[in-house]
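Please look over the sequence and the model shown here.

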Amino acid sequence: MTTTQELTEGLDDLPYSVFAKACPSRGTLEHVTGRWGGLALTALYEGSLRFNELRRRIDGVSEKMLSQTLHALERDGLVHREAQPTNPPRVDYELTPLGRGVAERLLALIHFVEGSMDDVLAARERYDSARA
C-alpha cells in the first residue's frame, strides 16, 4: 500500500504547493476538479467540440456554468477557444497539450471510480442501514 509520505515525496522541492493558502495552483486544482471542469476536460479529450455540443455531452450543466468553466480552463491554459468569423459565429473548444495531460489523468480516475461503483453502492447501503 502506498503511504501519503510516498505520494508526496519530492513535492517539497516544487515551487508551488496546493496546501498553501495563497498558492495559485490551488485555484487551478479547483477548476480541474470542480463539478464541471473535470467533465469539460474529459469530454474534450476525444476532440474539438462546439459550445452546444459540449453542453449536450455534459448532461445537467447550464449554459452559464459551462461558459464560466470554459473561461477558467482557458485562462489556466488547459482549453483553447477558437472563434470562426462566420454568421452565425462558430466557436470551437479543444484541449491544449497541458489540458490533454490533465484530461488523461482525470480519465484514469473516472475509469477507476466507474469500475468501483458496485463497491461504492454496497458501502453506501451498509452506511445507510447502520444509521437507519
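Two strands pair if DSSP finds at least two bridges between them; strands (E, at least two residues) and helices (H or I, at least four) are DSSP runs numbered from the N terminus. This is a predicted model, in which local features need pLDDT of at least 70 and side-chain atom pairs count only at pLDDT 80 or more, while totals for chains, interfaces and linings use all residues. Residues are numbered from 1 along each chain as its sequence is written, and side-chain values use heavy atoms, with hydrogens and water left out.

Three strands form an open sheet in the order β1-β3-β2, with antiparallel pairing. β1 (49–50) and β2 (79–84) stand at the edges with a single partner strand each, so one side of each has no neighbour in the sheet. Six bridges join the antiparallel strands β2 and β3. Gln-84 stands opposite Arg-90 in β3.

Thr-96 sits in the loop between β3 (90–95) and α6 (97–115). Is Thr-96 buried or exposed? Thr-96 counts as buried because its relative accessibility is 17%, and buried means under 20% relative accessible area, exposed over 50% and partly exposed in between (1.4 Å probe, protein chains only). A polar atom of the Thr-96 side chain lies 3.0 Å from the backbone nitrogen of Gly-99. Leaving aside neighbours within four places in sequence, Thr-96 is in contact (heavy atoms within 4.5 Å) with Gly-77, Leu-78, Val-79 and His-80.

Val-113 is in helix α6 and is partly exposed, with a relative accessible area of 39%.

Terms used. Polar contact = N/O pair within 3.5 Å; in protein donor to acceptor, adjacent residues only side chain to side chain.
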